[in-house]
Amino acid sequence: MGFENFGTVSFTTEAKTEEFINYLEQGKVMTTRCKKCGSAYFPPKMDCPSCLNSDVEWFEIADTGQLVTYTIVQYGPSGFEDEAPYTLAIADFDGLRVFGRISKDVDENDINPGIAVKVVPVKSGEGKIAYEFQKV
Ligand SMILES: [Zn+2]
């Protein structure tokens with residue numbers, strides 16, 4: 001399974017990051033770290049932009065992170081029109097910045113920079129899989 005089943009709209013298949021989807025299916029949000037220079041990336045990169053090394057290792061994103069910033073999308077772009085409003089956010093997990101959506105289950109009044117969040121895989125009704133932030 002590749003990126004065609006990632007998110008809520010179809011992405012083109014990215015064979016190199018197929019493992020990311022496989023890990024989501026297993027209930028894990030994983031990303032990559034360069035074995036040479038130690039740089040960690042999200043989303044996962046199979047080639048390190050810092051040192052151009054292609055020897056990377058997968059690791060699971062830390063259990064708990066902190067919300068850094070967020071924005072509420074009132075009008076979704078093409079493919080997301082029916083989903084708005086939704087909340088996009090950046091959270092910090094041990095220095096790794098992760099971009100994603102905040103679960104619709106989180107009350108808007110509870111969303112503030114600094115709150116503890118976790119990142120979890122979520123499946124939609126149509127068999128698509130993605131990840132989202134939830135309150136810890
Ligand atoms: Zn590197």
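Two residues are in contact if their C-beta atoms, placed from the backbone, lie within 7 Å. The model is predicted: local features require pLDDT of at least 70 and side-chain atom pairs count only at pLDDT 80 or more, whereas totals for chains, interfaces and linings use all residues. Residues are numbered from 1 along each chain as its sequence is written.

**View 1. Contacts of valine 119.** Leaving aside residues up to four places away in sequence, Val119 touches Val29, Ile61, Gly65, Val98, Gly100, Tyr131 and Phe133.

**View 2. The largest nonpolar core.** A nonpolar core is a set of buried Ala, Val, Leu, Ile, Met, Phe, Trp, Tyr and Cys residues joined through C-beta atoms within 7 Å; buried denotes 20 or more other C-beta atoms within 10 Å of a residue's own. The largest such core has 15 residues, and Ala91, Val119 and Phe133 have the most contacts inside it. At least two residues of this core come from each of helix H1 (18-25) and strands E5 (86-93), E6 (96-102), E7 (116-123) and E8 (129-135). Helices (H or I, at least four residues) and strands (E, at least two) are DSSP runs, numbered from the N terminus.

**View 3. The buried side of H1.** Phe20, Ile21 and Leu24 are the buried residues shown in H1. They lie on the same side of H1 because they cover an arc of only 95 degrees around the axis, taken from the directions from the helix axis to the C-beta atoms. Strand E1 (30-34), E7 and E8 are among the elements that cover the buried residues of H1.

**View 4. Pairing of E1.** Strands pair if DSSP finds at least two bridges between them. E1 runs antiparallel to strand E3 (residues 56-60), joined by five bridges, and methionine 30 stands opposite glutamate 60 in E3.

Terms used
A residue is buried if 20 or more other C-beta atoms lie within 10 Å of its own, exposed if 12 or fewer, and partly exposed in between; C-beta atoms are placed from the backbone.
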